[in-house]
Amino acid sequence: MNHRQDPHAFVDQYRNDFPDDVLVLDDPVPADEGVTGVIYELAAAGRHEMVLFRKVTGIDVSVVSNLFASRERIARMLETGPSGLHSAYQQRALRAVPPRVVDSGPVLDDVTTDVDLATIPMLRHFASDRSPYVTSGIIVAEDPDTGVGNLSYHRAMPHSRTELATSLHSRGDLWRMLQKYAERGEPMPVAMVLGGHPLFMLAASARVGYDVDERAVAGGLLGEPLEVVRTPRHGIGVPAWSDFVLEGTIDAAEHADEGPFGEFSGYSSNRSTNNVLRVQTIMRRSDAMLIDVVGGNTDEHLNLARVPRESEMAEKLKARFPDVTAVHYPTSGTHFHCYVALRQRRPGQARQVMLGLLGWDPYVKTVIAVDEDVDITDDSEVLWALATHFQPHQDLFTVDGLPGSPLDPSSGSDGTTSRMGLDATRGPHFDGNRIVVSEEARQHARRILGGNV
């Protein structure tokens with residue numbers, strides 16, 4: 001067994017290497033909104049530490065949360081810095097390594113078919129949530145014809161002692177696979193994984209084709225095969241170092257009410273496919289912890305999905321349009337805004353880039369293009385460029401009637417949306433020079449101010 005794939009070992013090693021980036025809380029917090037309250041207060045103070053909660057009232061394990069709230073921390077997982085995050089992710093993800101089946105692993109410490117979902121730790125993150133939810137659950141399923149696996153995140157709440165109500169609202173590859181099983185007249189075998197190495201969790205958000213197994217993407221990110229064990233009933237390959245695995249089936253014909261749930265839009269969403277996951281086996285580590293993902297429009301929730309999206313879009317755009325220098329999805333725009341920086345050498349170039357992005361990414365509604373000297377990780381810089389470079393009558397275009405995110409509360413009932421591009425580059429006839437404060441003056445100011453800034 002390779003301890004490098006143990007999420008507990010990762011947490012311990014990260015605490016040792018970067019103690020200032022981990023907050024350990026020994027005081028108890030409630031399972032209802034306690035974790036969320038801490039995360040939101042930290043964010044309000046501009047802090048994004050990983051948080052280890054030793055005691056959460058009502059559950060029997062410690063909780064790690066805010067793991068993905070920092071881009072710098074994600075970059076460290078990939079052994080790079082924030083500026084190299086996109087390229088490091090893509091380079092590793094494209095070097096996919098098939099998983100390796102092993103005979104044993106910690107997740108097999110305790111295996112039972114006497115299912116009681118009350119034994120699975122779940123948190124209520126928002127007062128508006130219908131109930132406590134599984135927010136970090138990664139559903140693993142395998143195509144009935146090819147055996148190719150799929151990983152994807154799906155919120156889930158208790159429906160009965162043995163059932164979870166869940167939503168496949170993204171209608172992605174898992175939804176497509178469910179239809180294949182339905183055509184056969186069979187329920188779809190699945191395994192929901194809670195807890196795994198952070199790079200496995202990141203791979204579950206990868207944007208890949210139906211014929212690509214995200215477990216192999218996880219191997220690429222890890223730099224070695226993901227070690228998996230087979231679940232006892234359906235033989236699905238799940239990480240050997242998982243904390244919990246819920247094995248069971250989803251039948252396309254079974255439904256249950258689910259939601260509202262605090263989604264990435266910042267709104268509670270009732271939009272759901274209302275599927276049922278019937279749990280037949282529970283597997284867990286003897287020393288299990290809960291790796292939580294705080295939902296809503298938090299940095300953690302957004303980063304987990306947008307780092308793979310940004311990385312893919314940055315690679316595509318730079319390959320097709322070499323003058324693109326950077327791509328960024330801001331937290332302020334949830335998943336619906338994107339900023340792109342470029343060296344505009346000819347009229348219309350920014351518009352062409354924005355059209356490409358709006359066509360490739362079904363979630364993005366608004367793109368703002370700026371010049372390469374604008375820091376697109378800083379909303380105020382982008383808004384300054386918009387204020388000083390943009391003329392609505394000539395620098396704006398819209399496209400309507402396109403499929404968008406079903407979780408966008410402003411989208412149509414059929415999920416369609418309109419999209420907009422704003423060209424905030426200077427353009428060929430722009431007249432103006434940016435003001436500059438010399439580096440010498442800044443250094444002198446730093447010496448005078450000392451530790452006061």
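Guide: Contact first: two residues touch when they have heavy atoms within 4.5 Å. Helices (H or I, at least four residues) and strands (E, at least two) are DSSP runs, numbered from the N terminus. This is a predicted model, where local features need pLDDT of at least 70, side-chain atom pairs count only at pLDDT 80 or more, and totals for chains, interfaces and linings use all residues. Residues are numbered from 1 along each chain as its sequence is written, and side-chain values use heavy atoms, with hydrogens and water left out.

Visitor: Which residues of helix 8 and helix 9 meet?

Guide: Met313, Lys316, Leu317 and Arg320 of helix 8 meet Gln352, Val353, Leu357 and Trp360 of helix 9.

Visitor: Why are helix 8 and helix 9 called oblique to each other?

Guide: Start with the axes, which are lines fitted to C-alpha atoms, for helices over the stretch in contact; angles run from 0 to 180 degrees between N-to-C directions. Under 35 degrees counts as roughly parallel, over 145 as roughly antiparallel, 65 to 115 as roughly perpendicular, and the rest as oblique. The axes of helix 8 and helix 9 (residues 349–360) cross at roughly 140° and come within 11 Å. Helix 8 and helix 9 are therefore oblique.

Visitor: What is the hand of the crossing of helix 8 and helix 9?

Guide: It is right-handed. A crossing is right-handed if the near helix is turned clockwise from the far one by less than a right angle, and left-handed if anticlockwise.

Visitor: What makes helix 4 roughly perpendicular to helix 8?

Guide: Helix 4 and helix 8 pack at about 90°, with their axes 9 Å apart. That angle makes helix 4 roughly perpendicular to helix 8. Leu85, His86, Tyr89 and Gln90 of helix 4 make this contact, with residues of helix 8 including Val307, Pro308 and Glu310.

Visitor: How do you know that the length of helix 8 agrees with its residue count?

Guide: The expected span is 1.5 Å times one less than the number of residues. For the 22 residues of helix 8 (residues 299–320), that should give 32 Å; the end C-alpha atoms are 29 Å apart, which agrees.

Visitor: Where does helix 8 bend?

Guide: At Arg306, by about 35°. The bend is the angle between axes fitted to the seven residues ending at a residue and the seven starting there. A proline, Pro308, follows within four residues.

Visitor: What makes helix 8 mostly covered?

Guide: Of its 22 residues, 16 are buried. Buried means under 20% relative accessible area, exposed over 50%, and partly exposed in between (1.4 Å probe, protein chains only).

Visitor: Why is helix 7 called largely enclosed?

Guide: Nine of its nine residues are buried, so helix 7 is largely enclosed by the rest of the structure. Its cover includes helix 4, strand 8 (138–142), strand 9 (149–153), helix 6 (198–203) and strand 14 (237–239). After helix 7 comes Gly223, with a positive phi near 80°.

Visitor: Why are helix 4 and helix 7 called oblique?

Guide: Helix 4 (residues 85–93) and helix 7 (residues 214–222) pack at about 120°, with axes 7 Å apart. They are therefore oblique to each other. Tyr89, Arg92 and Ala93 in helix 4 meet Val217, Gly220 and Leu221 in helix 7. Helix 4 passes helix 7 in a right-handed crossing.

Visitor: Is Asn66 buried or exposed?

Guide: Buried, because its relative accessible area is 3%. Asn66 sits in the loop between strand 5 (63–65) and helix 3 (71–77). Its phi is positive, about 65°, although Asn66 is not a glycine.

Visitor: How do you know that Thr334 is buried?

Guide: Its relative accessible area is 8%, so Thr334 is buried. Thr334 too is not a glycine, yet has a positive phi of about 45°. Its loop runs between strand 20 (324–328) and strand 21 (337–342).

Visitor: Why does Phe264 count as buried?

Guide: Because its relative accessibility is 6%. Phe264 lies in the loop between strand 16 and strand 17 (268–269). Leaving aside neighbours within four places in sequence, its contacts include Thr334, His335 and Phe336.

Visitor: Which residues does a cis peptide bond join?

Guide: Gly259 and Pro260, with omega about 10°. Pro260 lies in the loop between strand 15 (244–255) and strand 16 (261–262).
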